[in-house]
Amino acid sequence: MEEISKSPAVPILELREVQMQFGGVTALRGISYGIPSGIIQAVIGPNGAGKTTLFHCVSGLLSPTSGEILFRGRPIGGLLPHRIAELGISRTFQHVALFKSMTVFENVMLGRHPRTRSGFWATGLRFPSMRREERRIAQEAMYYLDFVGLADEAELPAGALPLGKQKILEIARALATEPSLVLLDEPAGGLNMRETEELGDLIRRISETGTTVALVEHDMNLVMEISHRVLVIHYGEHLATGTPDEIKDHPAVIEAYLGEG
Amino acid sequence: MTPRDWRIFVITALFIGFFPWVVQPVKAISHYVDVMVFAGIFTIVCLGISLLMGYAGQISMAQAAFFGIGAYTSGILTARFGLNPWAAMPAGALLAALVAWVVGIPALRLKGHYLAMATLGFGVIVHIVLSEEVAWTGGPSGMVDIPGLQVVGLKLKSELGWYYLVWTVVFLVLLFCFHILHSRVGRALRAIHEEESAAEAMGVPTARYKVQVFVLSAVLASLAGSFYTHYVTCLNPSSFNLMWSIRFILMVMVGGMQSLWGALLGTVLMTFVGNEWLHVFADFEVLVYGAILLLVALFLPKGLVSLVPRRAAARSI
């Protein structure tokens, strides 16, 4: 297979024989793959293929049973999620996981957590350094809200937003952690056609800022339109990789999808 | 703090400031000042519970035990070793912090209500120790002759002096808690409560924060315990059993879990209810508490503060 020949030298994320077992069930059967830096990488596959499990492994919510995950050459398998977030990987969730009673603004402000430092004493006693930091957090959060187009909804409780905007808010919250790799887990799930188009534009704009984007997505139009590379997994195995055009005509991929019905 | 919180703060401070002037001249209710000293001491405990349970969503059944650790550390160090009460106070707080840390680390690393289980057991152990270590604590009959407090060389004799001292501390603790809530730490605590995995994935070290807020709540409870000791000058282990832990939680629930004002309001109200009006039920007091708990949980899950109308749609703390 012509493995990522057109890509820049070092992959930002490298998977080496990543395996994930839950009791007797094997969700990932040794996935090896490298995501080139700076691209939009799609991960597709039929339901239950292990795509979300893969994202959980990369973001640290699951610890792979075996295999290695390297982020910018550094092994991250088994690190706690907050450490991985500090290193520069952020994510959204398939089932929206916003802090619903907090405002839209506060959700994005929380995203600044790994880039700020004041603790209990500094905040409780309102040290000047903490006040400066809070002002900066507010400014930066506003920047990300502007970036995704949710500035007008800043003061609403996150739970009051319609689903489409909640998905966008999750992206803003993830971006606020200043990731160099952002994982989007079915960002178009539940969005209508116009919203999906806007999402595509947003993902392109994220990519233009230099952030590598990896997305799990079922909406094939979106995947084909925006991604540079596609990784197909099936029953926890690496089935195929290539550009969207290559994947579209790949016999194994067609069979996997048609075979599923 | 929001402008609204500042307004409530000023109004509350004025109310507390003038309260003794109104009640003291009236014979029938002049002892309300004394009740309010207890209410203030309990409020310090309950503000910690509000942070820990209301905001961070972690249940502790051992706040009375930490209250007891503070009380007995102060009592023993001052009555038996002649230490200055103001020096004994931080010693108690330090001990409570250490103990909370040790109990909290294993319990809080796990998701779910492990802290509730661990603290339930821990609270019982502390109560047994207080009752059985007769040589140190005086056992079931407790301790007497604990010295009072001196403020800038003057012995704090009157209830009024105690009242103003305790409530000053309450307001300082209140400010401290408000400032924590309106910061990255407060947002992290609320995020842990709502979506722990998401908080962790966004870079919040959830285990560390849960332990820290638990330690803070223990320190506040211990501090309150120290004031309690020097106010009543005698101790008895029954003030620090599981029932008291539940009472503290009930106070916060009545006022409103997710509001520091709720903690204050609920504590003052329930202290009056407990001290003044529930005696008629004698042994059935526990039943009345149970009934209150049930009614609040069913009909007023967000406590009394939820009855106050709010202007804006958004709820930003």
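User: How many bridges join strand β1 (residues 11-22) to strand β2 (residues 25-36) of chain A, and in which sense do the two run?

Analyst: Two strands pair if DSSP finds at least two bridges between them. Strands are DSSP runs of E, at least two residues long, and helices are runs of H or I, at least four long, numbered from the N terminus. Here β1(A) and β2(A) are antiparallel and are joined by 9 bridges. A:Leu13 lies opposite A:Ile35 of β2(A), and A:Pro11 is opposite A:Pro36 of β2(A). The two strands make a hairpin with 2 residues between them, and A:Gly23 in the turn has a positive phi of about 60°.

User: What kind of model and numbering am I reading?

Analyst: The model is predicted: local features need pLDDT of at least 70, side-chain atom pairs count only at pLDDT 80 or more, and totals for chains, interfaces and linings use all residues. Residues are numbered from 1 along each chain as its sequence is written, with chains lettered from A and ligands numbered from 1 in the order written.

User: Which strand order does the open sheet of 4 strands in chain A have?

Analyst: The order is β2-β1-β4-β5 of chain A, and the pairing is antiparallel.

User: How many strands form the open sheet of chain A with mixed pairing, and in what order?

Analyst: That sheet has 6 strands in the order β6-β7-β8-β3-β9-β10 of chain A. β6 and β10 of chain A are at its edges; each has a single partner strand, so one side of each is left without a neighbour in the sheet. The twist from one strand to the next averages 20°.

User: Which strands does β9 of chain A bridge to, and in which sense?

Analyst: On one pairing, 4 bridges join β3(A) (residues 40-44) to β9(A) (residues 229-234), and these two run parallel. A:Ile44 has A:Val232 in β9(A) as its bridge partner. On the other, 5 bridges join β9(A) to β10(A) (residues 237-242), which run antiparallel; A:Val230 has A:Gly242 of β10(A) as its bridge partner. The β9(A)-β10(A) hairpin has 2 residues between the strands, and A:Tyr235 takes a positive phi near 50°.

User: Are the residues of β9(A) buried or exposed?

Analyst: A residue is buried if 20 or more other C-beta atoms lie within 10 Å of its own, exposed if 12 or fewer, and partly exposed in between. In a regular strand the side chains alternate between the two faces of the sheet. In β9(A), A:Arg229, A:Leu231 and A:Ile233 point one way, while A:Val230, A:Val232 and A:His234 point the other way, and all are buried. With 6 of its 6 residues buried, β9(A) is largely enclosed by the rest of the structure.

User: How many residues of helix α8 of chain B are buried?

Analyst: In α8(B) (residues 184-194), 9 of the 11 residues are buried, so this helix too is largely enclosed by the rest of the structure. Among the buried residues are B:Arg184, B:Arg187 and B:Arg190, along with B:Val185, B:Leu189 and B:Ile192.

User: At what angle do helices α5 and α6 of chain A pack?

Analyst: Two packed helices are described by the angle between their axes and the distance between the axes. For α5(A) and α6(A) (residues 163-176) the angle is about 135° and the axes are 9 Å apart. From α5(A) the contact uses A:Glu140, A:Ala141, A:Tyr144, A:Leu145, A:Phe147 and A:Val148, and from α6(A) it uses A:Ile168, A:Ile171, A:Ala172, A:Leu175 and A:Ala176.

User: How many residues of chain A are in contact with chain B?

Analyst: 36 residues of chain A are in contact with 26 residues of chain B. On the chain A side, α2 (81-87), β6 (89-91), α3 (104-111), α4 (120-124) and α5 (128-148) each supply at least two residues.

Conventions. Contact = placed C-beta atoms within 7 Å. Axes fitted to C-alpha atoms, helices over the stretch in contact; angles between N-to-C directions.
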